[in-house]
Amino acid sequence: MPLITTDITLVANSLSKEEVAAIPTETVYGLAGNIYSEKAILGIFRIKQRPLFNPLIVHLPHASAMEDVAKDIPPMAKELASRFWPGPLTLLLPRKESVPDLITAGKPTVAVRVPNHPVILSLLAQLPFPLAAPSANPFGSISPTTAEHVANYFKDEFPFILDGGPCTSGIESTIIGFNDEGAIVYRYGSLAIEEIEKITGPLQEYIRDEETPDAPGMLLKHYAPATTTILSTNIEKSIKENIGKKIGLMVFSQSYKGKDIVVQEILSASGSMEEAASNLYAAMHRLDQQQLDIIIAERFPDKGLGRSINDRLQRATYC
Ligand code: TXA
Ligand code: MG
């Protein structure tokens, strides 16, 4: 098992030796490496069993470092960066030639963000290179929001997991790209679309192409527990339809009764979408470890972070 540590310098030294390390961010834990090290980046793809056509997000210490990896940055992108960074917003920008093809999967754009977590910001400040970091889980499975989640996924493929505590936002960054008409949402995430639209105006919806997915976070099946999981708008009806099975419930704020309910995860008793988002993956991890026959997940109201939660639940339950 990789060693769980809070020693930032130890992990900085490991990354400087072209090794891979798991790192905390405010959204989910990432599996990080020097963007300019082919060894480290190939290591990330191998460890995650991630297809090479799936590009990585570049994590920067501050907004002005954008200029090191991107060029011709749209003014709207700069405005979003100055409003929301550090924070859970990833921008797709025209890449500089110096960014390796492995990072961008040969695309003309590079994905960048400044994460909002003191531990990774301090780590990035110690390093002379940015970090590529996909979520620290095997391809397609539930993203990790604690150091322990990461440790449970991997044996000894890399030496260190830098522990920054549980992630506060809990789902991945929102991904925004640009065209001549304005801004496009590629992935719903921890920053609500309504907040972004205050700056960009109405966002265009990215049209998915399953053959050559631009953002495989948009793959129909992703973020999935091993246990059969369904998405429900009527929990009581779904419980009745699954009588006799060992049921795990994952609900927004209200609890339910029923003899077949083995365990129940209430994501936010006070009805806060932010709290629910921060608890989502940890609840999915816990439910997935209980040998249940079925997980019934409650659909959220389709606004604010509820849209991002529903997006993840839809992909987790797709079959
Ligand atoms: O919150 C996050 O974004 C986390 C933390 C660790 O920062 N990272 C994360 O990385 O979610 P990952 O690799 O699991 O998801 C990155 C997504 C993928 O769906 C990838 O296809 C998309 O970003 N992506 C990266 N570069 C892209 C590009 N140039 N064009 C389109 N999509 C891109
Ligand atoms: Mg991921």
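Helix axes are lines fitted to C-alpha atoms over the stretch in contact, and angles run from 0 to 180 degrees between N-to-C directions. Helices (H or I, at least four residues) and strands (E, at least two) are DSSP runs, numbered from the N terminus.

The model is predicted: local features need pLDDT of at least 70, side-chain atom pairs count only at pLDDT 80 or more, and totals for linings use all residues. Residues are numbered from 1 along each chain, and hydrogens and water are left out of side-chain values.

**Exercise 1.** Describe how helix 10 packs on helix 11.

*Solution.* 
1. In contact (heavy atoms within 4.5 Å) are, among others, Leu280 and Tyr281 of helix 10 and Ile309 and Leu313 of helix 11.
2. By class, this contact has ten nonpolar, one polar and two charged residues (Ala, Val, Leu, Ile, Met, Phe, Trp, Tyr, Cys and Pro are nonpolar, Asp, Glu, Lys and Arg charged, the others polar).

**Exercise 2.** State what lines the largest pocket.

*Solution.* 
1. The lining has 43 residues, with Pro55, Ile57, Ala111, Ile175 and Arg187 nearest the pocket's centre.
2. They divide into 20 nonpolar, 16 polar and seven charged.
3. Strand 6 (109-113) is one of the strands that supply at least two lining residues each; strand 6 gives the largest share, four residues.

Conventions
Chains are lettered from A and ligands numbered from 1 in the order in which they are written. On a 1 Å grid over the protein atoms alone, a cavity is a set of points where a 1.4 Å probe fits but cannot get out, and a pocket is an open set with protein on both sides within 12 Å along at least five of seven lines; lining residues have an atom within 4 Å of a point.
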